[in-house]
Amino acid sequence: VVKVRLVDPSRVRSNRRSGLIASSCGICGGIQQASDMYAGLPHVPDTLRIEPARFAPLMEAMQSCQTVFKTTGGTHAAALFSCHAALLASAEDLGRHNALDKVIGQRLLRRQSAVGCGVTLSGRVSLELIIKAARAGIEIVGAVSAPSSLAIEAADQLGITLCGFVRNGRLTAFTQPHRLA
């Protein structure tokens, strides 16, 4: 939380903008190819191994932390887990991206890293989520829903194990399946 108190509000100039502000994967903003968005990012480490059967309890742990979802059915969640499949951080938010930002942020606020961890997500996996995971050093991304084709391509290029349709005791490994012991 940041609180700002203006000493003399009359001296503040308005810098208001008007116009449409949209969110997207960034390709619409002049980037020629999706791969340009993650070019230069290093591969994530290759230290994490997990049995596929451990995903079910991880998903359950993430869902048990979704207090707002239980009431509204309208939020997404993310949960960070360790190499021992222990829950390290969880968060929910209206946006998928914000939920992931929150769990990474929780680790940073504790002066701990997300490097070598995995994450479970409650929704579909987009390119931007894979880029965020790579920047944080997250090795495994498991989601209850499908990844986009751009997410699959980026995960493979960045060395991330990407699993979709993680539900009902099953999953589909789209990239880097060697981490699934």
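**Why these names? A tour of the chain**

Student: How do you know that helix H4 (residues 127–136) is largely enclosed by the rest of the structure?

Tutor: Count its buried residues: 8 of the 10 residues of H4 are buried, so the helix is largely enclosed. Buried means under 20% relative accessible area, exposed over 50%, and partly exposed in between, with a 1.4 Å probe and protein chains only. Bear in mind that this is a predicted model, where local features need pLDDT of at least 70, side-chain atom pairs need 80 or more, and totals for chains, interfaces and linings use all residues. Residues are numbered from 1 along each chain as its sequence is written, and side-chain values use heavy atoms, without hydrogens and water.

Student: Which residues of H4 are buried, and what do they pack against?

Tutor: The buried ones are Leu127, Glu128, Leu129, Ile130, Ile131, Ala133, Ala134 and Ala136. They pack against H3, E3, E4, helix H5 (149–158) and E5, where contact means heavy atoms within 4.5 Å. Just after H4 comes Gly137, with a positive phi of about 85 degrees.

Student: What do the labels H and E stand for?

Tutor: They are DSSP runs numbered from the N terminus: helices (H or I) have at least four residues and strands (E) at least two. By that rule the chain has 5 helices and 6 strands, in the order α-α-β-β-α-β-α-β-α-β-β from the N terminus on.

Student: What makes strand E2 (87–93) and strand E6 (170–175) edge strands?

Tutor: The open sheet has 6 strands in the order E2-E1-E3-E4-E5-E6, with mixed pairing. E2 and E6 each pair on one side only, and that makes them the edges. From one strand to the next, the twist averages 20 degrees.

Student: How do you know that strand E1 (residues 76–81) and strand E3 (residues 118–121) pair?

Tutor: Two strands pair if DSSP finds at least two bridges between them. E1 and E3 are joined over 4 bridges in the antiparallel sense, so they meet that rule. In one of these places, Ala79 has Thr120 in E3 as its bridge partner. Helix H3 (residues 96–109) packs on the sheet, touching E1, E2 and E3, and its direction makes about 145 degrees with that of E2. Such angles run from 0 to 180 degrees between N-to-C directions, with axes fitted to C-alpha atoms, for helices over the stretch in contact.

Student: Why is the pair of Phe55 and Phe81 called edge-to-face?

Tutor: Rings of Phe, Tyr and Trp (its six-membered ring) pair if their centres lie within 6.5 Å; planes under 30 degrees apart count as stacked, over 60 as edge-to-face and the rest as tilted. The centres of Phe55 and Phe81 are 6.2 Å apart and their planes stand at 85 degrees, so the pair is edge-to-face. It links distant parts of the chain, with Phe55 in helix H1 and Phe81 in strand E1, 26 residues apart. Phe55 and Phe81 are both buried.

Student: What makes the pair of Phe165 and Phe174 tilted?

Tutor: Their planes make 45 degrees, with 6.3 Å centre to centre.

Student: Are Phe165 and Phe174 buried, exposed or partly exposed, and why?

Tutor: Phe165 has 32% relative accessibility, so it counts as partly exposed. Phe174 is partly exposed too, because its relative accessible area is 30%.
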